[in-house]
Amino acid sequence: MLVLSRMLLVVLVCLGLASPGAGCGPGRGYGRRRHPKKLTPLAYKLFIPNVAEKTLGASGRYEGKITRSSERFKELTPNYNTDIIDEENTGADRLMTQRCKDKLNSLAISVMNQWPGVKLRVTEGWDEDGHHFEESLHYEGRAVDITTSDRDKSKYGTLSRLAVEAGFDWVYYESKAHIHCSVKAENSVAAKSGGCFPGLASVSLADGGQKYVRDLTPGDSVLAVDDQGTLTVTDFIMFLDKDSATTRLFYVIETETGERLTLTAAHLLFVASNATDARSQMTAMFASAVTAGQKVFVLHEPHDVLTPVTIKRIYRQEHEGSFAPLTAHGSLVVDHVLASCYAVVEDQQLAHWAFAPVRFSYWLSGLLHLHVKGAAAHADGVHWYSDVMYRLGRWVLNEHAMHPLGVSRPSS
């Protein structure tokens with residue numbers, strides 16, 4: 001009841017705010033200019049968020065040590081920001097992932113604004129010498145230990161808070177000598193909405209045609225299933241997440257009849273159970289949990305029935321671009337296979353309920369003729385409502401109810 005009451009409260013608030021349009025995200029708004037937020041220093045030994053560093057709600061799992069000779073070394077990028085002091089001056093501390101670089105640069109600006117004349121100082125960054133404990137995120141260039149350039153310990157509580165505000169995924173006032181900060185992995189689904197298809201995945205349209213998922217526009221009529229598990233026509237509303245350029249790792253679900261559905265690990269996919277009625281026999285599972293031998297629902301000619309077909313094998317591939325479409329029914333047929341629009345939480349009904357305000361807003365906009373069919377979808381990035389729901393999920397659900405966001409080894 002506590003989970004439901006919390007979610008109901010937030011969704012009711014979002015109901016008044018939700019809009020599928022790109023221009024409705026956070027912005028200046030109206031009314032008076034807001035005063036700067038008052039910073040509350042972190043207490044010694046406190047960490048934010050209040051979960052372990054390598055869990056879903058923070059920076060995510062350890063993915064393996066990066067050395068100069070490993071292929072993953074290309075994941076590290078140098079940060080030559082002169083407003084950041086490299087303590088050891090070996091260059092290693094200036095190598096980090098792009099996400100870590102972005103957050104660190106943002107923090108450097110905040111430090112100078114907070115204390116004119118003071119700079120951000122990095123005491124430890126990427127570790128190539130094995131100085132940290134096993135599975136430290138320093139080995140992946142995803143963690144930094146920081147202080148201020150004047151080494152004034154009275155500033156460290158506020159520095160910790162500034163790091164939180166800069167967007168680090170985990171901040172720990174670890175010792176009297178430094179603050180520890182870390183970020184999610186670049187390819188982690190946690191950094192985005194959690195579930196996507198590659199841009200060249202084909203969506204089945206109501207008229208029998210196909211359209212690349214990247215080319216969908218609000219109002220497009222696509223195939224989905226209704227509450228009874230029957231094939232139906234639904235509207236594409238918006239992208240929960242849209243990234244036209246980044247290369248990601250996808251799971252490929254290949255069936256015995258030759259269909260290949262490509263989607264990210266945390267995306268929900270419908271598999272067949274032994275239930276008798278059509279709706280209950282569809283079980284939503286994470287793509288990373290599906291195994292060869294299970295059955296998925298495939299659209300065969302003529303386009304009026306979905307047939308359970310056995311999965312032949314599962315493997316992984318990298319693809320450029322990732323898109324997370326939302327439809328009015330919460331499902332759609334991609335590459336002739338039925339898939340969910342949702343991810344991260346392995347509960348189709350809960351996810352669909354959480355996005356009810358977006359569907360209502362879309363319906364109301366159509367009723368009032370406020371949106372134009374065929375209009376361009378929003379620009380690249382995570383839609384603000386999707387981000388709100390992800391943060392809410394981290395608040396009301398324990399980490400075991402959400403996808404671990406690690407890439408497990410699929411069948412070959």
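Helices and strands are here DSSP runs, numbered from the N terminus, with helices being H or I runs of at least four residues and strands being E runs of at least two. The model is predicted, so that local features need pLDDT of at least 70 and side-chain atom pairs count only at pLDDT 80 or more, whereas totals for chains, interfaces and linings use all residues. Residues are numbered from 1 along each chain as its sequence is written, and side-chain values use heavy atoms, with hydrogens and water left out.

The protein contains six helices and 20 strands. Of its 412 residues, 52% are buried, where buried means under 20% relative accessible area, exposed means over 50%, and partly exposed lies in between, with a 1.4 Å probe and protein chains only. Among the contacts with a separation of 6 or more, 67% are between residues 24 or more positions apart, a contact being heavy atoms within 4.5 Å.

Strand S8 belongs to an open sheet of six strands, which has the order S1-S7-S8-S6-S5-S3 and mixed pairing. The edges of the sheet are formed by S1 and strand S3 (84-86), each of which pairs on one side only. Helix H2 packs on the sheet and touches S3, S5 and S6, and its direction makes about 140° with that of S5. Helix H3 also packs on the sheet, touching S1, S5, S6, S7 and S8, and the direction of H3 makes about 165° with that of S7; such angles run from 0 to 180 degrees between N-to-C directions, and the axes are lines fitted to C-alpha atoms, for helices over the stretch in contact. Two strands are taken to pair if DSSP finds at least two bridges between them. In general, the strands of a sheet pair through backbone hydrogen bonds, either parallel or antiparallel. S7 and S8 pair in the antiparallel sense over four bridges, and they form a hairpin with two residues between them. S6 and S8 are likewise antiparallel, with four bridges, and Ile146 stands opposite Ile179 in S8. Five of the five residues of S8 are buried; His178, His180 and Ser182 point one way from the strand, while Ile179 and Cys181 point the other way.

Helix H3 (residues 156-166) is largely enclosed by the rest of the structure, because 10 of its 11 residues are buried. Among these buried residues are Tyr156, Leu159, Arg161, Leu162 and Ala166. The cover over the buried residues of H3 includes helix H2 (98-114) together with strands S1 (47-48), S5 (120-124), S6 (143-148), S7 (170-175) and S8 (178-182). After H3 comes Gly167, whose phi is positive, near 105°.

The largest nonpolar core has 57 residues, and those with the most contacts inside it are Phe197, Leu261 and Leu269. Strand S12 (residues 231-255) gives the most to this core, with eight residues. A second, separate core of 26 residues includes Leu107, Leu120, Val144 and Ala166. A nonpolar core is defined as a set of buried Ala, Val, Leu, Ile, Met, Phe, Trp, Tyr and Cys residues joined through side-chain atoms within 4.5 Å.

Some local backbone features were also examined. Most residues other than glycine have a negative phi, and most peptide bonds are trans. A cis peptide bond, with omega of about -5°, joins Ile48 and Pro49, and Pro49 lies in the loop between S1 and strand S2 (77-78). Lys45, in the loop between helix H1 (2-15) and S1, has a positive phi near 75°, and this residue counts as partly exposed because its relative accessibility is 41%. Asp335, in the loop between strand S18 (331-334) and strand S19 (337-343), has a positive phi near 50°, but Asp335 counts as buried because its relative accessibility is 16%.
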